[in-house]
Amino acid sequence: FGTNDRSSDFGPSSWIMEGQATYSTAKFGESAGWGESFESAMMAMKAYGGNISPIGIDAFLADEDTFDFEDESYWERDDFAAPAVYYMLGAWAWAYLVHEVGGDYDIALKDFIVDIAELGKAASFEKHFDRTLDEFYAEFALFIKGDDDAWRAILD
């Protein structure tokens, strides 16, 4: 990558990198014999934190007025904000994006990341996902307000 500065447009932010790793482990772990099903692993993050955090996404969102994927300061908090935002919400962001590109893992998990160094996050995101990062953040903020059935529906 062009920089290790997670707040730079030419560096991978925490939700992108940590969320992608968490999503990939959940998605491909079952076929590798690492444990539970993809749906179970993803829903565990939502409900109770799974094997990542002692709190789940639901509890995190109940305690927070909002979350901000561009905010790298969650790492500095001494509660469980970083695992909730960067790992678990990031994993769900990737599930949402993979669903939005019709399950094309190369676009979501490879092409977008590769182009960050040359184009920057914002331009690479728009190129590969046909929306700006700000548009995605607004869409995703609405998505996470849905019930469990809405969350499960994107795990195809």
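Contact is taken here to mean heavy atoms within 4.5 Å. The structure is a predicted model, in which local features need pLDDT of at least 70 and side-chain atom pairs count only at pLDDT 80 or more, whereas totals for chains, interfaces and linings use all residues. Residues are numbered from 1 along each chain as its sequence is written, and side-chain values use heavy atoms, with hydrogens and water left out.

Under this criterion, and leaving aside residues up to four places away in sequence, F69 touches W15, V85, L89, G90, A93, F136, Y137 and F140. F69 is also listed, together with W15, M42, W92, W94, F136 and F140, among the residues with the most contacts inside the largest nonpolar core, which has 46 residues. Such a core is a set of buried Ala, Val, Leu, Ile, Met, Phe, Trp, Tyr and Cys residues joined through side-chain atoms within 4.5 Å, where buried denotes under 20% relative accessible area, exposed over 50% and partly exposed the range in between, as computed with a 1.4 Å probe on protein chains only. Two or more residues are given to this core by each of α1 (14-29), α2 (38-47), α3 (57-63), α4 (81-100), α5 (105-119), α6 (121-129) and α7 (133-143), and the largest share, 15 residues, comes from α4. Helices are DSSP runs (H or I, at least four residues) numbered from the N terminus.

The packing of α1 was examined against two other helices. The axes of α1 and α4 come within 7 Å and cross at roughly 75°, and the two helices are therefore roughly perpendicular to each other. Axes are lines fitted to C-alpha atoms, for helices over the stretch in contact, with angles running from 0 to 180 degrees between N-to-C directions; angles under 35 degrees count as roughly parallel, over 145 as roughly antiparallel, 65 to 115 as roughly perpendicular and the rest as oblique. To the contact between α1 and α4, α1 brings S14, W15, I16, E18, G19, Q20, T22 and Y23, while α4 brings Y86, Y87, G90, A91, A93, W94, A95, L97 and V98. By class, this contact has 11 nonpolar, 5 polar and 1 charged residues, with Ala, Val, Leu, Ile, Met, Phe, Trp, Tyr, Cys and Pro counted as nonpolar, Asp, Glu, Lys and Arg as charged, and the others, Gly among them, as polar. With α2, α1 packs at an angle of about 140°, the axes being 7 Å apart, and α1 and α2 are therefore oblique to each other. Here T22, Y23, A26 and K27 of α1 meet F38, A41, M42 and M45 of α2.

The loop between α1 and α2 contains E30, which is partly exposed at a relative accessible area of 43%. E30 touches G35, E36, S37 and F38, residues up to four places away in sequence not being counted.

Aromatic pairs number 29 in the structure, a pair being rings of Phe, Tyr and Trp (its six-membered ring) whose centres lie within 6.5 Å, with planes under 30 degrees apart counted as stacked, over 60 as edge-to-face and the rest as tilted. One of them, formed by W94 and F129, is edge-to-face, at 6.3 Å centre to centre and 65° between the planes. This pair links distant parts of the chain, 35 residues apart, with W94 in helix α4 and F129 in helix α6, and both residues are buried.

In the loop between α6 and α7, D130 has a positive phi of about 55° although it is not a glycine. D130 is exposed, with a relative accessible area of 69%.
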